[in-house]
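Visitor: I would like to go through this structure with you. May I ask questions as we look at it?

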Amino acid sequence: MDVTNLVRDCIKKLQPYSSARDEYKSLNDDMVFIDANENPFQTQVNRYPDPNQTPVKAILSKLKLVPEQNILLGNGSDEVLDLIFRAFCEPGLDNIITLPPTYGMYNVLAGINNIQVREVLLSETFQPKVDEILATADANSKILFLCSPNNPTGNSFNNDEMIAILSSFQGIIVIDEAYIDFSKASSWITRLNDFPNVIVTQTLSKAYGLAGIRLGICYASEEIIAILKKIKPPYNVNTLTQNAAIDRLKNDAAVNEEIKSIMSERNKLQGCLDQIPFVEKVYPSDANFLLVKVDDANKRYEQLVARGVVVRNRSSQPLCENCLRFTIGTTEENEKLINILQNLE
Ligand SMILES: *Cc1c(COP(=O)(O)O)cnc(C)c1O
């Protein structure tokens, strides 16, 4: 498959903006930089950020064993996802496929970009229905979103279904791995060479504890990365974000300890929730949250808010009737939640 055939004509023809820092890169030597209309006085951030985020990518490349030229960074995964829409989807003409219940941003981004959304519900066990997905696709189905582990259901998609889709779908396949660090399943970034139309997105917002800095990561073939690079704003990841990301990624051991603790708290919370009389089902989770079916989600949601605990009410989502989503907190926060739930009438 040649992914360049999927790119919008206007993007193929686009001459990208060449920033001052693109034209002359090295800020390290003894040069005088009077090329970007910056203020010369030091504020720590008086210079424009590195448009290629080279040091961040170098660390990520070592950690994830993916070459730097297969990595693109964005202002959160949300920016990366928007870049993918704008590269491949012609407004008013193309469509995307999503698998509800899933992450709401795919539909919002489709709306912003005037792209039709075709929805194929997950199965009762929250797995993709391969035949229905393939039957729904046509030549204008440019992107299929596979969120695994999926939000809000928490499960990973089975390998067999994934492989069946990856071997047949003719557009771009985005595998959203925002929660991959909490999963026993391995990331699809190891299979990029086998599937030239796959884009894997990850983020520092969840396991890495840096939601506030906004750093999203995209792994894909060199061809796809080159296309997205053409349309990304040159300075899309600011200096403060790059520095914070480097500090945190260098401290991968601490991150792994936190992930372990969150996963063990998840299992503990799951056991406790199973004992609550009005809890009807706790779905298995590969993420840092649990989807929980209760007797009356709106009532339980209000009761929890009144007692100072805010959870996410997902009961309006298909297949999620009377479901609440609980993010795993600290040991103390989880104990507080259980305590309150045990005492609800
Ligand atoms: C939280 C989340 C993201 C993260 O988005 P950022 O913009 O990187 O914070 C992406 N995808 C899913 C499914 C999520 O739940």
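Visitor: What lies 2.6 Å from an oxygen atom of the ligand?
Guide: A polar side-chain atom of Arg214 lies at that distance from the ligand oxygen. A polar contact is a pair of N or O atoms within 3.5 Å; within protein, one must be able to donate a hydrogen and the other to accept it, and residues adjacent in sequence count only if both atoms are side-chain atoms. This is a predicted model, in which local features need pLDDT of at least 70 and side-chain atom pairs count only at pLDDT 80 or more, while totals for chains, interfaces and linings use all residues. Residues are numbered from 1 along each chain as its sequence is written, and side-chain values use heavy atoms, with hydrogens and water left out.

Visitor: What about Asp176 and the ligand?
Guide: A polar side-chain atom of Asp176 is 2.7 Å from a nitrogen atom of the ligand. In the side chain of Ser205, an N or O atom lies 2.7 Å from a ligand oxygen.

Visitor: How much of the ligand does the protein cover?
Guide: The protein covers 94% of the 380 Å² of accessible area that the ligand has on its own (Shrake-Rupley method, 1.4 Å probe; for residues, only the protein chains shown count as cover).

Visitor: How many residues surround the ligand?
Guide: There are 13, where a residue is near a molecule or strand if one of its heavy atoms lies within 4 Å of it. The closest are Ser77, Tyr179, Thr203, Lys206 and Arg214. Helix α4 (residues 76-88) gives the most to this shell, three residues. Helices (H or I, at least four residues) and strands (E, at least two) are DSSP runs, numbered from the N terminus.

Visitor: Changing topic, how many aromatic pairs are there in the whole structure?
Guide: A search finds six. Rings of Phe, Tyr and Trp (its six-membered ring) pair if their centres lie within 6.5 Å; planes under 30 degrees apart count as stacked, over 60 as edge-to-face and the rest as tilted. Tyr103 and Tyr106 are edge-to-face because their planes stand at 80 degrees, with ring centres 5.5 Å apart.

Visitor: Is Tyr106 buried or exposed?
Guide: Tyr106 has 1% relative accessibility, so it counts as buried. Buried means under 20% relative accessible area, exposed over 50%, partly exposed in between (1.4 Å probe, protein chains only). Tyr103, at 26%, counts as partly exposed.

Visitor: Which residues do ring pairs link into a cluster?
Guide: The cluster holds Phe85, Tyr103, Tyr106 and Phe145.
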